[in-house]
Amino acid sequence: MRTAYSVETVRAAERELMARLPEGALMQRAAAGLAAACADLIGRVYASRVVLLVGSGDNGGDALYAGARLARRGAAVAAVLLAPERAHAGGLAALLRAGGRVVGSGAGAGAAASAGVGAVEEAILRADLVVDGIVGIGGTGGLRPEAAQLAACVEESGAAVVAVDLPSGVDADTGEVRGAAVRADLTVTFGTHKPGLLIDPAREYAGSVRLVDIGLGDVLPEEPELEALQHADVAALLPVPGAESDKYRRGVVGIAAGSARYPGAAVLAVSGALRGGAGAVRYVGPAGDAVVSRFPETLVSDQGPAKAGRVQAWVVGPGAGDDASTVAEVLEADVPVLVDADGLRLAERDAVRARSAPTLMTPHAGEAAALLGVAREEVEGARLASARELASRYGATVLLKGSTTLVADSRGGVVRVNATGTPWLATAGSGDVLSGLAGSLLASGLSALDAGSAAAYLHGLAGRFAADGAPAGAHDVAEAIPGAWRDVRD
């Protein structure tokens, strides 16, 4: 499992660890890991051209010490000091002793601009590797104009870019990007992941992420800010039938979905539930004929949710149109309920908050924005805050869909993040399949947090398997769920 901690927590852990170590030992550990990652990325260190973008904080010190290590291996290393009077003195001295140099007059891009292209821009445009040590994890907001100019020059250069701890200009705690920021091919982060490295839009700027162990593990608290499940974690959650299992013990999920206009939503939700391990699926709604023609094993009722028979969980909302009465009836059930699509619009907040059984809401950014009363762009730019706020308002677990899926619990605590998805999942009906899959896991007895997290993980893998680099529909995603299940368990 990958875990991420807030800036405040990381700072406290670093202070505690530094008190136990010789002065400068922690920075040397970071610099060694950074230099090794840079060498691995460019492959050939000797005679390579490396440019360090050096800010005033410890990030700049890490970059300078790493640059010194690369210079000792034969790289031509040039440092651009954005604040020369506040550059890390020890790191700068180490770089100069190793044969590195400072380019420009020490004032960064601003000084170089007065001489046309200038030494700074020329060095960047000729570089094989650029190391971004401009701003550390305490930075907020986008890059200042001078640094933004450098970032633009780096992007133009085509050089490989390594970010120190996280790309400059992104928010370490939230994953927000509020202005210009560095786009890295590789981010080398120290001690632990930071939330912004796992959450879009910042994750997109980070490229690949490499974690360097500097010894923080023993001093970090047990509960992180964010966690990302891996194969083994998901495998441990998935229900496996025993010798005495029958269809009822495996979990019966009710699907209240579809309408005359959207019968396919019901079919797709049922397909996700059946492939998600449910022992049986009960369907309620006007699309019964379409469901049975595709899945004859489905138990269909036209008596409404309350009279459909016993279930261990309900899924309500996909393709429901304006059927507010069915949504309200499902919310009254004393079993876990997943609310999706039209159900999110039709569900009364007070009714959701009044429920004693777990509720899992699965909005995409547009639906979450409507529920929060903000613009979609606000949700997309502040995904972590939006998921937490929606969970708090509704007293429900919220699965916020997107390029990185977030699952936030109403009681606060750790938020789960999932990045197994693929852009090919952006297709009509994909969310209906996810709803059925998550509903089946709820019916098996998983908590809303675990069901949402495992379903998002499997759904993302299934999307990758179904597409394999080519277009695929929601039906194909559903068909690929068993393969994703096997992949996780194997």
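This is a predicted model: local features need pLDDT of at least 70, side-chain atom pairs count only at pLDDT 80 or more; totals for chains, interfaces and linings use all residues.
Good morning. Asp450 belongs to helix H19, which covers residues 448-467. Is Asp450 buried or exposed? Its relative accessibility is 18%, and because buried means under 20%, Asp450 counts as buried.

Let me now turn to the protein as a whole. It contains 20 helices and 18 strands. Along the principal axes, its C-alpha atoms fill a box of roughly 80 × 45 × 40 Å. For 490 residues, a compact globule would have a radius of gyration near 23 Å, and the value for this protein, 26 Å, agrees with that. Of those 490 residues, 57% count as buried. Among contacts with a separation of 6 or more, 67% are made by residues 24 or more positions apart.

Next, the surface and the charges. The protein exposes about 19800 Å², and 48% of this area is supplied by carbon and sulfur atoms. There are 43 positive and 56 negative side chains, and the centres of the two sets lie 3 Å apart.

Which residues have the most contacts inside the largest nonpolar core? They are Leu34, Leu52 and Val131, in a core of 55 residues. Helix H2, residues 25-42, provides the largest share of this core, with nine residues. A second, separate core has 52 residues, including Ala266, Val267, Leu458 and Ala462. To return to Leu52, its contacts beyond its neighbours within four places in sequence include Ala63, Leu64, Gly67, Val77 and Ala78. Leu52 is also in contact with Ala79, Val80, Leu95 and Val131.

Some details of the backbone deserve attention. At 44% relative accessibility, Ala47 counts as partly exposed.

Ala341 also has a positive phi, of about 50°, although it is not a glycine. This residue is found in the loop between strand S14 (337-339) and helix H13 (342-346).

As for peptide bonds, the one from Asp200 to Pro201 is cis, with omega near 10°. Pro201 has its place in the loop between strand S7 (186-190) and helix H8 (202-206).

Finally, Val300 and Gly402 are 102 residues apart in sequence, and their C-alpha atoms are 32 Å apart in space.

Thank you for your attention.

Methods:
Residues are numbered from 1 along each chain as its sequence is written. Side-chain values use heavy atoms; hydrogens and water are left out. Helices (H or I, at least four residues) and strands (E, at least two) are DSSP runs, numbered from the N terminus. The radius of gyration is taken over C-alpha atoms; the globule rule is 2.2 Å times the number of residues to the power 0.38. Buried means under 20% relative accessible area, exposed over 50%, partly exposed in between (1.4 Å probe, protein chains only). Contact means heavy atoms within 4.5 Å. Accessible areas come from the Shrake-Rupley method with a 1.4 Å probe; for residues, only the protein chains shown count as cover. Lys and Arg count as positive and Asp and Glu as negative; His and the chain ends are not counted. The place of a charge is taken as NZ of Lys, CZ of Arg, CG of Asp or CD of Glu. A nonpolar core is a set of buried Ala, Val, Leu, Ile, Met, Phe, Trp, Tyr and Cys residues joined through side-chain atoms within 4.5 Å.
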